[in-house]
Amino acid sequence: MRIKPDAASILAGLVFIAIGLVYLLSSGGHVAVGARWAISLLVLGLGLTAVVGVLTRRRR
Amino acid sequence: MSDPRTHGGPGPRGPLRRDRRSKAVAGVCGGLGRHLGTDPVIFRILFVVFSFVGGLGLLAYAAAWLFVPQEGAEQSEAHRMLTGNNPWMAALMAIGLGLGVIAAVSALSNGPSGMWPMWLIAGAVFAVLLWRGDIKLGRFAAFGQQRPPTWWQQPVPEAEQTEPPARPQGSDEDGDDGGEPRDEVPPHYAAYAAAPPAFGTGPDIGLAAAENNHPAPARRRSYGGLVLANLLAVAGALGVLNAAGAISLTWLSGGALVLMLLGGGMVIGGLFGKTTGLVPIGLVLAIPLILLAAVGVPLHGTVGDSDWAPASAADVQPVYQIGVGDGSLDLSKAAPGAGNTVQVSAEVGIGDLDVTLPKDVVVRVRAHDGAGSLDAGDTVETSRWNLNENFEIPTDAEHPRGTILLVVNVGIGDVNLEVAQ
């Protein structure tokens, strides 16, 4: 079976990993994170995910 | 089965049955949607929301699964269990349901103060479903058009009531549809299908019919369900390890870890297929995590209301904590005595905090409230987001009976400080 990676899924996963990592470090006191930065990162990442999803769907 | 089933249509309404075609878990919501002629997504949201209210949604769903027969079946699961060869399973289910009801009643008896996070989560889920197009808000009403019946308003074909539809090999390649049936055009609605899709009709029958004229594009295999199942298993394992004391997770580190695991699962699943169906779950995890961390919710301690009333200054604990629930700290009998100082900290994650202070005592307060109001009588009365106040409640007594250093930390909820009369 031919494997077909999905760029949008990978990008969305990376966004959630990044936010989770930041808050995991924050819980240990290693970094201080502001909600504005986190929300902005989330919106930016998911927006890019949507764009990538649309573009890859068109190419298919 | 000979009874006519015209769910949601103008004809007589058939008996409630769990739906085979719109089956996300056990077909309860799909069956309710067909029975009442309502979008099953509404019921799914309600079940999810009420699952956070003492687990009521899960209980209701489990009860519906047990007692509502599936399409084509004459007997419910509970009936089959009780009359079949597995009476122990029925007993186990009954005990589980009973324990669930007790837990739900116990959780609900704590009052509504801890319930707003579920509405936040439900709002996020609703917004995402709206964004994904799973919910359509009055598109037809807005343009004054008659809406053709969608799949949950259409009658179930006779053949599908008696035997489950044959699922083709690899039928989980539905992308984000989650096995939801496509809107099909029954013969008596052929006029709708023949007509060109009208403006604003959305991805409904008209467009579905138009799409059916073209070969469907190949879709990537969806691994969302597999990733979610693994995530639940790993999250459960983490919870068990945390409860056993093998690891130490706070709500912030635990939530962040689960979010990372979800992201990792999405990346790994995305290498082989599609996992974007998990984005709403990621949002439901990430948004409350960000907001609760922003307001500094001290989610430690117990769940449920607590009343503390130390009998003297010697009985005062250094810290009083509640995770979720209302707290009442009565320090009216805890005057430290002239020249003495007592420090006490009261933390409530989500809920209100009432503190009664002794008379003739100087009280120095350091208060943080993430979202809520602070009322200290004539001294301070304020309500704003993420407030931090340092103030002193003076006394008129010529010889104060000591000093209390009070640290108040409330994540979400109101703080009320008053001096005993």
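## Contact between the chains

Two residues are taken to be in contact when their heavy atoms lie within 4.5 Å. In this predicted model, and on that basis, Ala12(A), Phe16(A), Ile19(A) and Tyr23(A) of helix α1(A) meet Val279(B), Gly282(B), Leu283(B), Ala286(B), Leu289(B), Ile290(B) and Ala293(B) of helix α13(B). Sorted by class, the residues joining α1(A) to α13(B) are ten nonpolar and one polar, with no charged residue.

## The interface as a whole

Taken over the entire contact, chain B contributes 33 residues and chain A contributes 26 residues. The size of an interface is often expressed as the accessible area lost when the parts come together. For chain B and chain A the buried area is about 2,400 Å², and carbon and sulfur atoms give 77% of it.

## Helix packing within chain B

Helix α13(B), which meets α1(A), also packs against α12(B), with the axes of α12(B) and α13(B) 10 Å apart and at an angle of about 155°. Since angles over 145 degrees count as roughly antiparallel, α12(B) and α13(B) are roughly antiparallel to each other, and their crossing is left-handed. On the α12(B) side the contact is made by Trp251(B), Leu252(B), Gly255(B), Ala256(B), Val258(B), Leu259(B), Leu262(B) and Met266(B), which meet Val279(B), Ile281(B), Gly282(B), Leu285(B), Ala286(B), Leu289(B), Leu292(B) and Ala293(B) of α13(B). The residues of this contact between α12(B) and α13(B) comprise 14 nonpolar, two polar and no charged.

Helix α12 (residues 251–272) of chain B also packs with helix α11 (residues 224–244) of chain B, their axes coming within 10 Å and crossing at roughly 150°. That angle makes α11(B) roughly antiparallel to α12(B), while the crossing of α11(B) and α12(B) is right-handed. From α11(B) the contact draws on Val227(B), Leu231(B), Val234(B), Ala235(B) and Leu238(B), and from α12(B) on Leu257(B), Val258(B), Leu261(B), Leu262(B), Gly265(B), Met266(B) and Gly269(B). By class, the contact of α11(B) with α12(B) holds ten nonpolar residues, two polar residues and no charged ones.

## Salt bridges

Over all chains the count comes to two salt bridges. One of them joins Glu392(B) to Arg364(B), whose closest N and O atoms are 3.2 Å apart. This pair links distant parts of the chain, with Glu392(B) in strand β8 (residues 381–393) of chain B and Arg364(B) in strand β7 (residues 362–375) of chain B, 28 residues apart.

Key: Residues numbered from 1 in each chain as written. Chains lettered and ligands numbered in written order. Predicted model: local features only at pLDDT ≥ 70, side-chain atom pairs only at ≥ 80, totals over all residues. Heavy atoms only, no water. Helix = DSSP H or I, 4+ residues; strand = E, 2+ residues; numbered from the N terminus. Nonpolar A, V, L, I, M, F, W, Y, C, P; charged D, E, K, R; others polar. Buried area = accessible area lost by both parts, 1.4 Å probe. Salt bridge = Lys/Arg side-chain N within 4 Å of Asp/Glu carboxyl O. Axes fitted to C-alpha atoms, helices over the stretch in contact; angles between N-to-C directions. Parallel < 35°, antiparallel > 145°, perpendicular 65-115°, else oblique. Left-handed = near helix turned anticlockwise from the far one by under 90°.
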